[in-house]
Amino acid sequence: MPSQVIELWSLFTSIVDAPLFRLGRETISLRWLFQVVLLLILVAILARFFKGVLKNQLLPRLGLDLGNREAISTVISGAGGALGYIIVLQAVGINLDSLAVIIGGLGVGIGFGLQDVTRNLISGLTLLIERKVRVGDFVEIENISGYVQEVSMRATVIQTFNGSNVVVPNTYLADSPVLNWYYETHRGRIDIPIGVAYGTDPVLVTEVLLNIAHSEPDVLREPAPRVIFREFGDSALKFELWVWTDAIERRVFIKSSLNFKIDYYFRQHNISIPFPQRDIWIRTAPALSPLSEETLGMPLAPATPSLKSLLQQVSYFQCMNDLQLRFLIESGYRKHLTAKEILFRAQEAISNFYIVLQGQMAAVYEENGELKPMMTFNPGEHFGELPLMLGVACPATMMAMTDTVLFVLPRERFEQLLKEHPSLADDIAVAIARRQDVLAQHQQELQQLSRQESDQSRPINWIRDRLQKLLSW
């Protein structure tokens, strides 16, 4: 058996060491090719590793920005890799001088076949040296917009707002106009076209638009917002609102916020936005019978109330205007529960504030394997705020008694809502104080967390203190 292994090994070595051809004075074999390929791969890995160390560990100590670090590390690692390849070829016995004529001849043919690759490499080197487009810049190229993630020798990686990464050849960047919002500053202008009905006072339009612009936190005071009267349109007086911002990458959200405010305040000042009018001739047609359960052959689904209308029925939010309700709707979401469905169980950590919009919720406890309600929550009432403030688990299981609709507000949004509406905090404190049985279960936590002695007969005092601390964060 050992002799057979030795024979097989001898056969294998004879195959890998058998000469294939000669390159100058060097005999080429499979073993030689394997060693060369392995060494070249090792050089590539070391060059890539050195680039990462240089970019993320050494250059940051010099105070260089991300774009400079990317350019310097790419050029140095590329040069080091090229030098490593030359050393490997020399070490394995290949005389590069003797290959100069062959390489020169092949270079002509390869140049035609790989001219796009060569152009990309040259364009990438140009981008790295000139640094017109750097890592971290916010750029727009035709219908592509996003942040530059990487500038390599062949291509540039751009991360778009939807989370995808687009690989753009460097020649495309070099030959096409590129809008670089971060070239010198992050500042940019946002233009919002607006049309108002004929007969509207232009001074009033200007005043309302400027007030809206100054109320937006991301809009700069200098340069100041401006209102431009563009022209007399076919069906409207055409204006433009110009605003500047230092967060131009958020221009979509800034523009959306301004549009919401324009719509709201225009309605408050009876400023109408017209629409193009056309004369349409309609031929008389037989009257259509209205849809009914008989005509459809199936019951009609009841209309679902809007979240806005449901929130306006809650006493805490009745004084809010449309803009404040929009923020509230964006902050949370609607959750549907069927009858007897468990929202969460006792001793589970929660991170949301809940408001009952429709139906009924109950705090229940288990007795003899049966869930029994000990406190109910009807439309307009809330729960979950006390565990959020204490940072403890909810002491009771919450179950829907009927088909129920909840409005769910995450912890961060709940705290922000309390900061912006202190009166809401007082209303919540009063509502919590009515739940003496729930407060009794938390009495130990209250005494541990409160720095001052709590008046057990007046827990509302501690709750107000706790909310005041929350609002001062």
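Asp191 is partly exposed, with a relative accessible area of 27%. Buried means under 20% relative accessible area, exposed means over 50%, and partly exposed is in between (1.4 Å probe, protein chains only). Asp191 forms a salt bridge with Arg189, and their closest N and O atoms are 2.8 Å apart. A salt bridge here is a side-chain nitrogen of Lys or Arg within 4 Å of a carboxyl oxygen of Asp or Glu. Side chains of opposite charge can pair when their charged atoms come close. Arg189 is also partly exposed, at 33% relative accessibility.

The model is predicted: local features need pLDDT of at least 70, side-chain atom pairs count only at pLDDT 80 or more, and totals for chains, interfaces and linings use all residues. Residues are numbered from 1 along each chain as its sequence is written, and side-chain values use heavy atoms, with hydrogens and water left out.

The structure holds ten salt bridges. One of them joins the side chains of Arg251 and Glu140, at 2.2 Å from N to O. This pair links distant parts of the chain. Arg251 is in helix α8 (residues 251-268), Glu140 is in strand β3 (residues 138-141), and 111 residues separate them. Helices (H or I, at least four residues) and strands (E, at least two) are DSSP runs, numbered from the N terminus. Glu140 is buried, with a relative accessible area of 18%. Arg251 counts as partly exposed, at 22% relative accessibility.

Another salt bridge brings together the side chains of Asp322 and Arg267, at 3.5 Å from N to O. Asp322 lies in helix α11 and Arg267 in helix α8, so the pair ties together parts that are 55 residues apart in sequence. Asp322 is partly exposed, with a relative accessible area of 24%. Arg267 counts as partly exposed too, at 44%. Salt bridges that share partners join Asp263, Arg267, Lys308 and Asp322 into one network.

Now turn to the nonpolar interior. A nonpolar core is a set of buried Ala, Val, Leu, Ile, Met, Phe, Trp, Tyr and Cys residues joined through side-chain atoms within 4.5 Å. The largest nonpolar core has 27 residues. Of these, Leu311, Phe317, Leu328, Leu357 and Phe407 touch the most other members. Seven elements each supply at least two residues of this core: α10 (307-312), α11 (322-331), β13 (352-358), α12 (385-390), β18 (404-410), α13 (411-420) and α14 (422-433). Helix α14 gives the most, with five residues.

Which residues does Phe317 contact, leaving aside its neighbours within four places in sequence? They are Leu311, Leu325, Leu328, Ile355, Leu417 and Leu424. Contact means heavy atoms within 4.5 Å.

Next comes Asn180, in strand β7 (residues 179-180). Asn180 is buried, with a relative accessible area of 14%. Its side chain makes a polar contact of 2.9 Å with the side chain of Asp137. A polar contact is a pair of N or O atoms within 3.5 Å; within protein, one must be able to donate a hydrogen and the other to accept it, and residues adjacent in sequence count only if both atoms are side-chain atoms. Leaving aside neighbours within four places in sequence, Asn180 is in contact with Lys132, Val133, Asp137, Phe138 and Val139.

Thr397 lies in strand β17 (residues 397-400). Thr397 is buried, with a relative accessible area of 8%. The side chain of Thr397 reaches the backbone nitrogen of Ala346 at 3.0 Å.

Met374 has its place in strand β15 (residues 370-377). Met374 counts as partly exposed, at 34% relative accessibility. Met374 and Ala396 are 22 residues apart in sequence and 9.3 Å apart in space, C-alpha to C-alpha.

The last stop is Leu30, in helix α2 (residues 30-58). Leu30 is partly exposed, with a relative accessible area of 40%.
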